[in-house]
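Keep the picture open while you read.

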Amino acid sequence: MACSCGFYAWSIPAVGPNKFRKIGKTNFTRIVPMPNTHKWSIAHDHTLVSIPLKKDNHSPELGSFTFYNKHAQKLKEVKHVFSKLGEDAMESMMMIDAIQRLGIDHHFEEEIEAVLQKQYMKSSIHGDCDEDLYEVALRFRLLRQEGYTVPADVFNNLKDTEGKIQEKLSDDVKGLMGLYEASQLSIKGEDILEEIGNFSSQLLNAWNTHNDHSQARIVRNTLGHPHHKSLARFMAKSFLSDFQGTDGWINVFRELAKWISIWWKDLGLAKELKFARNQPLKWYMWPLAVLPDPSLSEQRVELTKPISLVYIIDDIFDVHGTLDELTLFTEAVNRWEYAAVEQLPDYMKICFNALNGITNEISSKVYNDHGWNPMESLQKAWACLCNAFLVEAQWFADGHVPKADEYLKNGVISSGVHAVLVHMFFLLGHGITKRNVDIVDDFPENISSVAKILRLWDDLGSAKDENQDGHDGSYLECYMKEKPGTSIENARCHVMHTISETWKRLNKGCLAPNPFSTCFTKACLNVARMVPLMYSYDDNQCLPSLEEHMRSLVNESVSS
């Protein structure tokens, strides 16, 4: 991961005793761009500190009072339609699906929970034997998505007496799409979900080759971007253009989507991107996609800081530092003492100064907002990351190619996911207890699965790593050396299978009982959903899919 390191920031007093009193009181020195990192740049007039968004300055032209009234009115209309659905299970679930696909479910949490509680009780007591195929699949998916532990054996009813999935289902295109979507929430050992996933994808692909109309486009979108593994806001526009809801509420949804788009931009997302206009796209798109709730603007800006530092430190280890310098830097991060920093070369002192200052700043913010000082957890996360970076640097220096499993065990740490998600956990401030902090510190499965997905996607090598001339290893390289004669195609298939299996572990980790808040759990899922966009480079080492989604997220109306 290559990036230019020019940015300004400043430190604030640390929470509690601070060994870095000298550094903590010193303004950060600007990190000057280093050789061979020309791809990304940051304008000198921007900072990595929070700039409060002044709501007075971005009220919409129609007047803030009128605007927010109309927005509230549209939400009321949808809530009213929701309440009128009453006991109509199918309509209620279709409406929840539409709300979630538009990325506006945070407005309807109580209504959604009430419906899903009823559906959970219904499926637990009565089963789904006599119901429509699409309804069974939709109920299963909606419940699993919200963390309900519902058994997959409900789909055993789809098999005939010989244990094969009934051929008569092949004509139900909508039902097949529902089955494919439901199969994305499988966990390890649920063979039936694997079967219906393969069954439905084969039939839908075959059906698509003989059809070329609007439903074919919907089928292609389902196969290419199943809801559970996609970012709702990035897919909202295509969903709405194909939306086939009941006449009674489709117009209400289209109107709401238009106002949500205006409100989304008005609450500061467009201004946040303007603030970040010369920062690496990848730095800021992570928090923008992972925390989509417009009210989390401050947390998004704060999260950009550790993300940027992961890229910068990674760049130091991969491109700039000698092994001796990297060893000293890693020791300094582990000790977090001024004496250790004195031995570093100037560019590493500057980087460490920034790391210390930002860690102090975020710790102070979390303490003031939530009453917990996360300094120890954050320092530990950075030490673990640098330790993993150093292991990779030592492998490279020794010409050592590790076993694939050994590489991957270290690679999930060097991905930087744990370091970033630890910061996010504290910034969100949900469920900060000693027990949960200990769980987060110990790299729980929710986080390690996401990290593994990112590491494997990164190592698929869909581009030449941003023109970086560095020391990155590759899981593919390790795997192929360990298994002589393996073709690159077979190695890539193995990686994709491993990613699929890791998604199953992630799905299981998101089911109840789960020690983390819904917001944090969904944010972890969003990181995994964002990964393919972040590593789908074209021949020019650009991210066309990401750039397209960014424009749709911030600049375009969902309903246009």
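The largest nonpolar core has 95 residues, and Trp286 and Phe329 touch the most other members. A nonpolar core here is a set of buried Ala, Val, Leu, Ile, Met, Phe, Trp, Tyr and Cys residues joined through side-chain atoms within 4.5 Å. "Buried" means under 20% relative accessible area, "exposed" means over 50%, and partly exposed is in between (1.4 Å probe, protein chains only). Leaving aside neighbours within four places in sequence, Trp286 is in contact (heavy atoms within 4.5 Å) with Ile307, Tyr311, Leu454, Val527, Met530, Val531 and Met534. There's also a second, separate core of 50 residues, and among its members are Val78, Ile99, Ile112 and Ala137. In soluble globular proteins, nonpolar side chains tend to be buried together.

A quick word on where this comes from: the model is predicted, local features need pLDDT of at least 70, side-chain atom pairs count only at pLDDT 80 or more, and totals for chains, interfaces and linings use all residues. Residues are numbered from 1 along each chain as its sequence is written, and side-chain values use heavy atoms, with hydrogens and water left out.

Now find helix α19, residues 434–441. Helices (H or I, at least four residues) and strands (E, at least two) are DSSP runs, numbered from the N terminus. Asn436, Val437, Val440 and Asp441 are buried in α19. These four sit on the same side of α19, because they cover an arc of only 140° around the axis, taken from the directions from the helix axis to the C-beta atoms. The buried residues of α19 pack against α16 (375–398) and α18 (417–428). On the face turned away from that buried side you'll see Lys434 and Arg435, both exposed. After α19 comes Phe443, with a positive phi near 65°.

| Residue | Place | Relative accessible area |

Not counting residues up to four places away in sequence, Glu181 touches Arg101, Arg141, Thr222, Pro226, His227 and His228. Glu181 and Leu138 are 43 residues apart in sequence, yet 8.2 Å apart in space, C-alpha to C-alpha.

What joins the side chains of Glu190 and Arg144? It's a polar contact of 2.5 Å, where a polar contact is a pair of N or O atoms within 3.5 Å; within protein, one must be able to donate a hydrogen and the other to accept it, and residues adjacent in sequence count only if both atoms are side-chain atoms.
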